[in-house]
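Please examine the sequence and the structure before reading on.

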Amino acid sequence: MKKKLTLEEGLIILKEGIAKAMMILDGHPASSLFTCEEYMKLYEYPSDVEHFSTLRCVYHMCNQHPPYEYCAELYEIFKKALEESITSRVMPALKDKSQIFLLYEVWNMWTKYKVMAKFLGGFFLYLDRHFTEDRKTASLNELSVCCFRDLVFGQFYPRILEAAVSLINQDREDNSVCRDLLKNIANLFVEIGNGKTLYYENFETAMLASTANYYNCLLPQWLLHCSHIDIFMKAQNCLNKEKERASQFLHQTSVEKLLQVVHEQLLGQTALDQAILHEKQKTERGDCSIQYQAGFLLQLISELFFAMC
């Protein structure tokens, strides 16, 4: 008869494995923390507690007869291990970061956290097979995403969102080399939703609003210093650059929405309203060419619109 493993005895074994797994967040490669022998002793039946592997420990504790069956308790242990890893490693790493440094660090920690959670989930894999499905509760992977989202995004999401939008505007100014980072952050917004698109949609909304504001402020400068032919060429160049830039880090549906916003601000009705206002102000200063100038701009808008179709 195999020895019964109490929750207290099992927790002693699990703590060692959990502590090692958390070291992944410190930069240690998973392969250096456990030997193959330690990780693969799944089907051994040792006669004493000291020789239980972490994997075998969970399996055994889930299959003992009541009151020694601890599936629910092990699920909570897994959750608390995830939460501890976030509060002790991830949150302090992000605390003093801002702008691009915050984006780099949150992606770095998310990448390492996913490895750690997958590795840690391997210890508790039996729960996915015979507990989470029966109880209709979150799988181990879903739980790991939820913990990161609730703790990290619960505190840092507004700053992460602001930093991502700011980086896009910075890219417009100097063609920075951070588009891979923007792509990673956009993917993070999708992944963290755990099947829902709320976080990416919020990012998209903020990005489009910022884009509209950026070009709405840019057009008056063009109207003041450039001819309408120059404005036409500049707008066409901006549309091309936006398409190239956005296709590297946004979902295709977002690219289309972005181009629509840029077109509206530079060559659509919004642009025409600004041009007419500008010409009216010139007329009030003594220039009576408002009808000609506005009509000329409208013609250019129509030509570009048909050229893009």
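Contact means heavy atoms within 4.5 Å. Helices (H or I, at least four residues) and strands (E, at least two) are DSSP runs, numbered from the N terminus. This is a predicted model, in which local features need pLDDT of at least 70 and side-chain atom pairs count only at pLDDT 80 or more, while totals for chains, interfaces and linings use all residues. Residues are numbered from 1 along each chain as its sequence is written, and side-chain values use heavy atoms, with hydrogens and water left out.

**Packing of helix 4 and helix 5**

- Two packed helices are described by the angle between their axes and the distance between the axes.
- The axes of helix 4 and helix 5 come within 11 Å and cross at roughly 160° (axes are lines fitted to C-alpha atoms, for helices over the stretch in contact, and angles run from 0 to 180 degrees between N-to-C directions).
- Helix 4 is therefore roughly antiparallel to helix 5 (angles under 35 degrees count as roughly parallel, over 145 as roughly antiparallel, 65 to 115 as roughly perpendicular and the rest as oblique).
- Residues of helix 4, including Phe78, Leu82 and Ile86, meet residues of helix 5, including Met109, Tyr113 and Leu120.

**Aromatic pairs**

- Rings of Phe, Tyr and Trp (its six-membered ring) pair if their centres lie within 6.5 Å; planes under 30 degrees apart count as stacked, over 60 as edge-to-face and the rest as tilted.
- The count by this rule is 15 aromatic pairs.
- One of them is the tilted pair of Phe78 and Phe124, with 5.3 Å centre to centre and 55° between the planes.
- Because Phe78 lies in helix 4 (residues 71-95) and Phe124 in the loop between helix 5 (99-123) and helix 6 (125-130), this pair ties together parts that are 46 residues apart in sequence.
- Phe78 is buried at 0% relative accessibility, and Phe124 is buried at 0% as well (buried means under 20% relative accessible area, exposed over 50%, partly exposed in between, with a 1.4 Å probe and protein chains only).
- Trp110 and Tyr113 form a stacked pair, 6.1 Å centre to centre with 25° between the planes.
- Trp110 and Tyr113 are three residues apart in helix 5, so about one helical turn separates them.
- Ring pairs also join Phe153, Tyr157, Phe189, Tyr199, Tyr200 and Phe203 into a cluster.

**Surroundings of Leu259**

- Leu259 is located in helix 12 (residues 252-267).
- Leaving aside residues up to four places away in sequence, Leu259 touches Leu239, Glu242 and Lys243.
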